[in-house]
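Here are my notes for a first look at this one. Open the model alongside and follow the numbered points.

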Amino acid sequence: MIWLDTILQGVLLGGLYALFAAGLSLVFGIMRLVNLAHGDLIVFGAYMILIVVSVLGLHPFLAALVAAPVMFVFGWVLQKAVLNRTLGDDILPPLLVTFGLSIVLQNGLLEGFSADSQRISMGALETASVSVGPISAGVLPLMTFASAILVIVALNQLFYRTAIGRAFRATSDDPVTASLMGIRPDRVFATATAIAMLVVTIAALYLGTRANFDPNVGPARLIYAFEAVIIGGLGSLWGTLAGGIIIGVAQTLGAAINPEWQILAGHVAFLLVLLIRPRGLFPRGH
Amino acid sequence: MALLETDGLTARYGDFQALFGVDITLNEGETVAIIGANGAGKTTLMRSITGVLRNEARQIRHKDVEIGHLPADTIMKRGIAMVPEGRKLFPSLTVEENLIIGGQHKGGRDLGDRIDSVLSRFTGGPDPMALAAGHDGMGHWTLETIYALFPILRERRMTPGTALSGGQQQMVAIGRALMSNPDVLLCDEISLGLAPVVIRDIYAALPKIRESGASVIVVEQDISQALAVADRVYCMMEGRITLEGRPDAISRDDIHAAYFGDAA
Ligand SMILES: Nc1ncnc2c1ncn2[C@@H]1O[C@H](COP(=O)(O)OP(=O)(O)OP(=O)(O)O)[C@@H](O)[C@H]1O
Ligand SMILES: [Mg+2]
């Protein structure tokens, strides 16, 4: 039974990683942009929620609702003013610029908030749990997982059922021909990044409430998100969830055997999946 | 007043100049064919008109408005639609979605246009809504009338666009361009690589397209096809117009000289 419990914790952890990864996956799928600052943007979002919580005294969920439109506009402007300029045949400029953005964000947060670790308090919710028979799960991890599923369902609906989603797919296929259809690719990209920032806000809510964070935790979180996206198969959001779950389960199983093995086990699982399926579990276009 | 005209149009790819002062005219209701050997610059001319390649404003006029400097999406919203060389269907979209997306942004009233329109008052840049104002994208063509024109597409509507035969893909590309109810339709080599029967089927749609109110430019390598459908023909060679005339007024020898140059 302890194993079952461990696996469940791992699955739920996978939901968190999928949330971290969903925005990354969305942006990569549409404009082939690998955003190295994605983890720092999540941390940035967590600080924004923290400010709203402490200044306005709102519950973290409401604070995230307040932060979301700000993040949306921030994403739009970031893409329009900076990232669109880096897109092209060469994949190096986006990597360099987002790496630079990562450094700017980390140091900006360090200046503004110091290196002290912070936590967004959820009150009683933090320790609440539900049990079914011998297995019990925290309410917060369950909510994280449910949010991941909701985000993926919503993004898939957006992608495959709406006019914006059609424009996303067309632009991702061929931006020049898309422009002949009256689509302006730079606007599509800005919209995509803005929507990714909404997902980032949700990820930030759980990042900030489930564990301590400080200005420098972004890159470490980003690695799990990357691994989830890659073993899930580039461009598939359900694949990203599956990838997140594999890494989460590997980590909790590893930790159950020896607490020092938690991180290592996740990376080993990542490598094993890549050995067996180099294109990931659910590659798009297959 | 010509519906569309180019005036001393030049175009270059980096250091390579592809067009050297091209003047063409398309009048209302006309079908014009552009012929020329590989590399003559026909596609470059199309890419210039549609705004994929940007030019000086005055080099291209549409309904007496200078459009040479405008981006492709604004030009499309003014009512100039393109069937691109190689069809260029979107592989991630079904046949029906490929058609829908052709009309999805017609008329130029999306949020981005509204925002840019307001901003243009401060920046002095082009106002996309004003520039697209004369064309609302309404007209004969809807999903239903496209399916009536090419019935096979209705049967295949849920398949990915790129899973069709070449001829069917060409029908989707034409339908996609018509969905914005353009007043100018540009077709780049719509018969390339297709069997004669299929070419006949596709060209059979042309009269209905003209009836719907579109004036048409077809780029063709097949000279007899071009002469058969066009009111006027232009021949291009090495980035210049070498011949212009009505099909019944130009001789085979004229065409030969214009197509291959005097040396041939
Ligand atoms: N992207 C490009 N970069 C550099 N040169 C180009 C590019 N596209 C076309 N060219 C050159 O410009 C000239 C005109 O090409 P264009 O494609 O317009 O010819 P075309 O008449 O459409 O030929 P085809 O019948 O083969 O389609 C050619 O010499 C071609 O090599
Ligand atoms: Mg060509």
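1. Start where the chains touch: 23 residues of chain B are in contact with 16 residues of chain A (contact: C-beta atoms, placed from the backbone, within 7 Å). On the chain B side, helix H2 (72-77) and helix H3 (95-104) each supply at least two residues. H3(B) gives the most, with five residues. By type, the chain B side divides into eleven nonpolar, seven polar and five charged residues (nonpolar: Ala, Val, Leu, Ile, Met, Phe, Trp, Tyr, Cys and Pro; charged: Asp, Glu, Lys and Arg; polar: the others, Gly among them).

2. A word on ground rules. This is a predicted model, in which local features need pLDDT of at least 70 and side-chain atom pairs count only at pLDDT 80 or more, while totals for chains, interfaces and linings use all residues. Residues are numbered from 1 along each chain as its sequence is written, and chains are lettered from A and ligands numbered from 1 in the order in which they are written.

3. Now chain A by itself. You'll find eleven helices and two strands there (DSSP runs numbered from the N terminus: helices are H or I with at least four residues, strands are E with at least two). Along the sequence the pattern reads α-α-α-α-β-β-α-α-α-α-α-α-α. Chain A has a radius of gyration of 19 Å, which agrees with the value near 19 Å for a compact globule of 286 residues (taken over C-alpha atoms; the globule rule is 2.2 Å times the number of residues to the power 0.38). The C-alpha atoms of chain A fill a box of roughly 60 × 50 × 35 Å along the principal axes.

4. Look next at helix H5 (residues 139-161) and helix H8 (residues 185-210) of chain A, which pack at an angle of about 170° with their axes 11 Å apart (axes are lines fitted to C-alpha atoms, for helices over the stretch in contact, and angles run from 0 to 180 degrees between N-to-C directions). That angle is why H5(A) is roughly antiparallel to H8(A) (under 35 degrees is roughly parallel, over 145 roughly antiparallel, 65 to 115 roughly perpendicular, and the rest oblique). H5(A) brings Leu140(A), Thr144(A), Ser147(A) and Val151(A) to the contact, and H8(A) brings Val199(A), Ile202(A), Tyr206(A), Thr209(A) and Arg210(A). The residues of this contact between H5(A) and H8(A) are five nonpolar, three polar and one charged.

5. Another helix pair in chain A is helix H10 (residues 237-257) with helix H11 (residues 262-276): their axes come within 7 Å and cross at roughly 135°. So H10(A) is oblique to H11(A). Among the residues that meet are Ile246(A), Ala250(A) and Gly254(A) from H10(A), and Ile263(A), Gly266(A) and Phe270(A) from H11(A). The residues of the contact of H10(A) with H11(A) divide into twelve nonpolar, four polar and no charged.

6. Over to chain B and its six-stranded open sheet, in the order S8-S9-S10-S5-S11-S12 with mixed pairing (two strands pair if DSSP finds at least two bridges between them). Strand S8 (80-83) and strand S12 (240-245) of chain B are the edge strands, each pairing on one side only. From one strand to the next, the twist averages 20°.

7. Which sense do the strand pairs around S11(B) take? S5(B) and S11(B) pair in the parallel sense over five bridges, with Ile34(B) partnered by Tyr234(B). Strand S11 (residues 232-237) of chain B pairs with S12(B) in the antiparallel sense, also over five bridges. Met236(B) has Ile241(B) as its bridge partner, and Met237(B) has Arg240(B). S11(B) and S12(B) form a hairpin with two residues between them, and Glu238(B) in the turn has a positive phi of about 45°.

8. Helix H8 (residues 166-178) of chain B lies across S8 and strand S9 (184-188), running at about 170° to S8(B). Helix H12 (residues 252-260) of chain B lies across strand S5 (31-36), S11 and S12, at about 35° to S11(B).

9. Finally, chain B has a four-stranded open sheet, ordered S4-S1-S6-S7, with antiparallel pairing. Its edge strands are strand S4 (25-26) and strand S7 (65-66) of chain B. Two bridges join strand S6 (residues 60-62) of chain B to S7(B), and Arg61(B) stands opposite Glu66(B).

Key. Contact = placed C-beta atoms within 7 Å.
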